[in-house]
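Please look over the sequence and model below before reading the notes.

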Amino acid sequence: MPLAAGIINLTEAARSVELLKINGHSATAERPECSIASRRTTVGGLDWVIDYYPSVHDYYDKQNWIMIRITLASDATGVVASFACRVVDQAGSLAPSTTAAATGKLGKGGGKDILVMSRPYLANSGYLKDDSFLLECVITVLLDEQTKSESEEAPEAAAAAVVSAAPPMMSDLHKHFGELWRSQRGTDVTFLVAGEPVAAHKCVLAARSPVFMAELFGDMKETASQSVVIEDMELEVFRALMRFIYTDTSPPELEEGQEEDGEMAQHLLAAADRYGMEKLKLMCEEKVCCDISVGTAATLLVLAEQHGCPRLKAMCMEFIVATPANLRAVVATDGYNNHLMASCPWVLSDLLVAVVQRNK
């Protein structure tokens, strides 16, 4: 039965996307179990340290892996956080790698280790260019009442003083930027998508997307290029992504309620994840969560696993194991046999645990 009521947020979270460029990869092969670089960031009012380990041996598959360790540096306890890491293509031609994720309840000094990709796989993957590659790390912190009050109380008090003195008004910024894109005035980069040109403004894209920032203003070939080829994306999906980047409003594809909009939302979710557009990704996830059925559950479970959507994954698994009839029906679908089994066979262990817990 479709949801009749609006969406109510029962939890709140802070999220940060960090892009780490690793140079001189080949020279790090002889640095086993040793961190060679780190970055400090603040998420949810708490300090976190991201350490990069270039060569950690995995005794299960007997290979060396690149690893990220994310540690809570603030004096806090009981902090619930999730971490997701993947390799992204500096040129934007390849889709991001499979996301490696971890979740935990941490105190000061506590952290999680994430094996991102084996060194042999990275060497042959196409992500390694000029002996460098790009890592994307996402830190999501669940905000409890104390965390929210500490991180938001002062800004909210200051904002309240300003708002009380100013008349309410509706911003036209999204309309102005939308018109800027539609008019094509001042565009300085053209994307070729399925052979069709899509013009845009580099500064707008870079301000909205950390991936576009790295591609267009980082040490990459697109910096000097006026034309960028986008592969593995449909033209309609890329245009919908552009509309959101310029207007920051819900895409019509998520609101019209047509049957084909479910597939569009899936493609747009993948595009949002590819370019680090977290708000759009969450909006697409909400839409897709309403489309879970026997015919879609396995395919959507793969989508959730590949693009780091914990809520969608939980809802798909809950639907699949809700009744024995649901489980039998989903296992018989093409999505389960041809998509889930081929793309994410490791998820079957999560399903098995869910079945056991359901039948306790």
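1. Which residues are linked with Arg86 in a network of salt bridges? The network consists of Arg86, Glu136, Asp273 and Lys281. A salt bridge here is a side-chain nitrogen of Lys or Arg within 4 Å of a carboxyl oxygen of Asp or Glu. The whole structure has twelve salt bridges.

2. This is a predicted model, in which local features need pLDDT of at least 70 and side-chain atom pairs count only at pLDDT 80 or more, while totals for chains, interfaces and linings use all residues. Residues are numbered from 1 along each chain as its sequence is written, and side-chain values use heavy atoms, with hydrogens and water left out.

3. Arg86 pairs with Glu136, their closest N and O atoms being 2.8 Å apart. This pair links distant parts of the chain, with Arg86 in strand E5 (residues 79-88) and Glu136 in strand E8 (residues 133-143), 50 residues apart. Strands (E, at least two residues) and helices (H or I, at least four) are DSSP runs, numbered from the N terminus.

4. Arg86 also forms a salt bridge with Asp273 (2.4 Å, N to O). Asp273 lies in helix H7 (residues 261-274), so this pair ties strand E5 to a part 187 residues away in sequence. Both Arg86 and Asp273 are buried, meaning under 20% relative accessible area, where exposed is over 50% and partly exposed is in between (1.4 Å probe, protein chains only).

5. Asp51, in strand E3 (residues 46-58), is buried yet has no salt bridge. The nearest side chain of opposite charge is Arg69, 6.0 Å away (Lys and Arg count as positive, Asp and Glu as negative; His and the chain ends are not counted).
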